[in-house]
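Biologist: I have the file open and would like to go through a few spots with you. Can we take them one at a time?

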Amino acid sequence: MKKLFLLNICFIAFFLTSCKTKQIASTPATESRPISINSFCQNIQNNEPLFTSVDIKKAAIKATINQQENFLSGSVKIKTDSFIFISLQPLPGFEMFRLEFYPQRFRFFDKMNRKYFEATYEYIEQQMQIPLQYKNIEDLFSRKLFVLGRNLQVVEFSSIFSLNTQNGFTLASQSADGRIQQDTKISPELFIESTKMSQYLKGNSLFVDYAGGVSKKNPFPEQIVISMFVFNGFSAEIKMDFQKPIFDKPLNEKPIQLDRYTRVVLNDFFKK
């Protein structure tokens, strides 16, 4: 089951492709507001967490895969524009899997079997037509505004819909290649509540929902729920509760030494 959990963490990172209570699609837009999209996005970014690093030493992870539940501990370390380390631990202090993301490439480690998989983000686009970039992953975990495959500074969002004055807004956008539709739910206080990504051709969808941390003092999410639905009926939900993130402190974690591991292709990585 832990192998299956890691497999789906990887699929979510790839977006091989509903939240706890709120879904964008379930609330129709009733009014379009004439508002400057650039100004609107800037106001959202003003509420985003600002940090050079974040160290989450303890994360409680619950994975529900086709209605089967699995519980893990973990930790997350992010150095802005540099790396993301995600540690998966079946027992506290016992790291079984490690995911490392860098601006140009990523690696998955199976520490029990001393093997790893490594690829660039071009691999994801070639294999799965997903225009994923490192910055997208970092922004997703950090509760920041992003559009798959695009630089946010130059993107023009297609529309902003006012659901009503109490429920906030939906910010609609597309990936650069037009294959993925994104709908980002914005609260009336201009914090990101959720993001839904739908793949047109394959009918897959990924929903990211945030909870807690909606304040200037700590806008970093206290909880992230990632739900994935695939056209063939497969579903998975990853719920991560973050405890006491530490900001802007030196990160002592170092990359794993590759010479101690055997590099394998992705299919072999998931074999026992």
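Biologist: Where is Lys-196 found?

Modeller: Lys-196 is in strand E11, which covers residues 192-199. Keep in mind throughout that this is a predicted model.

Biologist: Is Lys-196 buried, exposed or partly exposed?

Modeller: Partly exposed, because its relative accessibility is 22% and the buried class stops at under 20%.

Biologist: And how far is Lys-196 from Val-208, C-alpha to C-alpha?

Modeller: The two C-alpha atoms are separated by 6.3 Å, with the residues 12 apart along the chain.

Biologist: Another lysine, then. Where does Lys-144 sit?

Modeller: Lys-144 is in the loop between helix H4 (134-142) and strand E8 (159-164).

Biologist: Which side chain of opposite charge is nearest to Lys-144?

Modeller: That is Asp-139, at 4.9 Å. Lys-144 is buried and has no salt bridge.

Biologist: What is Lys-144 in contact with, leaving aside its neighbours within four places in sequence?

Modeller: Glu-48, Pro-49, Asp-139 and Ile-192. There is also a ring to mention: Lys-144 lies over the face of Phe-51, 5.2 Å from the ring centre.

Biologist: Back to H4. How many of its residues are buried?

Modeller: 8 of its 9 residues, so H4 is mostly covered. Among the buried ones are Tyr-134, Glu-138, Asp-139 and Phe-141.

Biologist: What follows H4?

Modeller: Arg-143, which has a positive phi near 60°.

Biologist: Which other non-glycine residues have a positive phi?

Modeller: Asp-81 is one, with phi near 65°. Arg-114 is another, at about 55°.

Biologist: Where are those two in the chain?

Modeller: Asp-81 is in the loop between strand E3 (68-79) and strand E4 (83-89). Arg-114 is in the loop between strand E6 (105-110) and strand E7 (115-120).

Biologist: Buried or exposed, or partly exposed?

Modeller: Asp-81 is partly exposed, at 48% relative accessible area. Arg-114 also counts as partly exposed, at 42%.

Biologist: Changing topic to charges. How many salt bridges are there?

Modeller: The count comes to 13. In general terms, side chains of opposite charge can pair when their charged atoms come close.

Biologist: What does Arg-105 form a salt bridge with?

Modeller: Glu-118, with the closest N and O atoms 2.7 Å apart. This pair links distant parts of the chain, since Arg-105 is in strand E6 and Glu-118 is in strand E7, 13 residues apart. Arg-105 is partly exposed at 30%, whereas Glu-118 is buried at 9%.

Biologist: And what about Arg-98, which partner does it have in a salt bridge?

Modeller: Glu-100, and the closest N and O atoms are 2.8 Å apart. Arg-98 counts as buried at 4% relative accessibility, and Glu-100 is buried at 0%. The charged end of Arg-98 also sits over the ring of Phe-85, 5.3 Å from its centre.

Biologist: Which residues are linked in a network of salt bridges?

Modeller: Glu-95, Arg-98, Glu-100, Arg-105, Arg-107, Lys-111 and Glu-118.

Biologist: What does Lys-62 meet in a salt bridge?

Modeller: Glu-69, at 3.3 Å from N to O. Lys-62 is partly exposed at 27%, and Glu-69 is partly exposed at 46%.

Biologist: Now the rings. How many aromatic pairs are there?

Modeller: The count is 14. One of them is Phe-109 with Tyr-116, a stacked pair with 5.4 Å between centres and 25° between the planes. Both residues are buried.

Biologist: Which residues form an aromatic cluster?

Modeller: One cluster is formed by Phe-101, Phe-106, Phe-108, Phe-117, Tyr-121, Tyr-123 and Phe-269.

Biologist: Last one. Which residues touch the most other members in the largest nonpolar core?

Modeller: Phe-101, Phe-141 and Phe-242, out of 58 residues in that core. Strand E2 (residues 53-65) supplies the largest share of the core, 6 residues. Phe-101 was also in the aromatic cluster, and Phe-141 was among the buried residues of H4.

Conventions. Residues are numbered from 1 along each chain as its sequence is written. This is a predicted model: local features need pLDDT of at least 70, side-chain atom pairs count only at pLDDT 80 or more; totals for chains, interfaces and linings use all residues. Side-chain values use heavy atoms; hydrogens and water are left out. Helices (H or I, at least four residues) and strands (E, at least two) are DSSP runs, numbered from the N terminus. Buried means under 20% relative accessible area, exposed over 50%, partly exposed in between (1.4 Å probe, protein chains only). Lys and Arg count as positive and Asp and Glu as negative; His and the chain ends are not counted. A salt bridge is a side-chain nitrogen of Lys or Arg within 4 Å of a carboxyl oxygen of Asp or Glu. Contact means heavy atoms within 4.5 Å. A nonpolar core is a set of buried Ala, Val, Leu, Ile, Met, Phe, Trp, Tyr and Cys residues joined through side-chain atoms within 4.5 Å. Rings of Phe, Tyr and Trp (its six-membered ring) pair if their centres lie within 6.5 Å; planes under 30 degrees apart count as stacked, over 60 as edge-to-face and the rest as tilted. A charge sits over a ring if NZ of Lys or CZ of Arg is within 6 Å of the ring centre and within 35 degrees of the ring normal.
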